[in-house]
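Keep the view open as you read.

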Amino acid sequence: QKAIKKLEVKLKETDCAIQRDSSHTIIWEELGIDALFVDEAHLFKNLYIPTKMTRVAGMPNSDSQRAFDAYIKVRSLLESSGRVIFATATPVSNTLAEVYVMMKFLQFDLLEEMGLAHFDAWVQMFAETTQSLEMKPDGSGFRMNTRFNKFTNLPELAALWRQALDVKTPEQLNLPRPKIIGGGPQVISIPASNALKGFVKGLAERVERIKSRRVAPEVDNMLKITNEGRKAALDIRLALPGTPAPAQSKLNAVVEQIVKLYHASQSTRGSMPRRSPSCSSTARR
C-alpha cells in the first residue's frame, strides 16, 4: 500500500510538471504506433518490483525511470493489439529477477492468468534462496550471505518463457570468433604486498566506523571503500599516491604480459592474418 501511494504521488507530480499546449501537443496514443522494436532490451531491465523479500542479495531494488517509461509504452501497445519485439543478447546478466522482468514486459497477461503476476508468487514457484560463505566487501574476512540465485521448476519456467522467446545459440549463428590460447582465460596469481595488506586492514576498520555511524556518509561510505579497495588491489599506488612501487602487482603483471606478447608478435604486429585459399596453394607449390 505504501508503494501504491508513493507511485500515485509520483505520477501526479510528473503529470503536473508537463507543459501542455493544446494546439501542438501530440500524446502517445495519437502517434498511431502499432509496433515497437526495442534493441538492446536489457537496458530496460531495472524495473521497480514490489516485494516483501528483504535482506536477500540479488533482489531487484532499482527504480529506473527509463524502464518504467518503456513498460508503460509496451503495455499500452500490447493491450491495444499492437506488437512488441525485444532484441538482446543478454536477457539475464546479473540476477534471476531479470527473467521475471522480461516476462512482466512481454507476458504479463499470462502471469496474471496463472496467478504469478506478483514477484513474490513468481519466486515461490520458480526460484529459491541459498546461503553460502562469501568474502566481505572490505576483504577483512568472510560472512554467511543469503542470495537469490537458484531456479526451481526450470522445465516449466522454460516452457512458459519460450512462448515469447526466439533463441539463437552461438552454434546456430556460427559467428566467427577468435580462439583463445589454452581454451580459456589464464589466471595469473599475484601475492599481496605488505602495503596492500595494511591498507585492506584499514578498510575493515573504516567499515566498522561506518556500521556504528561514527562517521558521516559524505565523509566515508561503503561505495568509497569498495572503490579504493579495487584500486589498491590493482596497484597500491592508485589508492595511496607516493607509495613506493611494489615488487609485484596486478598492474605490473599486465605490463609484463603485454610487453612479452608485443615482442613475440613483431613479425605480424600483434595480428594473425588469415590466408586465402589461393595464397595457401601458392605457398605449397
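Is L251 buried, exposed or partly exposed? With a relative accessible area of 34%, L251 is partly exposed, a class that lies between buried (under 20% relative accessible area) and exposed (over 50%), with a 1.4 Å probe and protein chains only. Before going further, please note that this is a predicted model, in which local features need pLDDT of at least 70 and side-chain atom pairs count only at pLDDT 80 or more, while totals for chains, interfaces and linings use all residues. Residues are numbered from 1 along each chain as its sequence is written, and side-chain values use heavy atoms, leaving out hydrogens and water.

You will find L251 in helix α11. Helices here are DSSP runs (H or I, at least four residues), numbered from the N terminus. Together with L234, L238, V255 and V259, L251 makes a nonpolar surface patch of about 370 Å². Such a patch joins nonpolar side chains (Val, Leu, Ile, Met, Phe, Trp, Tyr) within 5 Å, taken from residues with over 30% relative accessible area and no salt bridge; the areas come from the Shrake-Rupley method with a 1.4 Å probe, and for residues only the protein chains shown count as cover. Helix α11 (residues 250-264) gives the patch its largest share, three residues.

Now for the charges. The whole structure holds seven salt bridges, each a side-chain nitrogen of Lys or Arg within 4 Å of a carboxyl oxygen of Asp or Glu. One of them joins D69 to K73, at 2.7 Å from N to O. Both residues belong to helix α2 (residues 65-79), where they sit four residues apart, about one turn of the helix. D69 is partly exposed at 38% relative accessibility, and K73 is likewise partly exposed at 25%.

Next, look at R206 and D220, a salt bridge whose closest N and O atoms are 2.8 Å apart. R206 lies in helix α8 (residues 194-211) and D220 in the loop between α8 and α9 (222-234), so this pair ties together parts that are 14 residues apart in sequence. R206 is buried at 14% relative accessibility, and D220 is buried too, at 9%. A network of salt bridges links R206 and D220 with E228.

Finally, turn to R237 and D235, whose side chains meet in a salt bridge of 2.9 Å, N to O. Here R237 is partly exposed at 33%, whereas D235 is buried, with 1% relative accessibility.

Technical notes:
Patches are made of residues with over 30% relative accessible area and no salt bridge: like charges are joined within 9 Å, nonpolar side chains (Val, Leu, Ile, Met, Phe, Trp, Tyr) within 5 Å. Helices (H or I, at least four residues) and strands (E, at least two) are DSSP runs, numbered from the N terminus.
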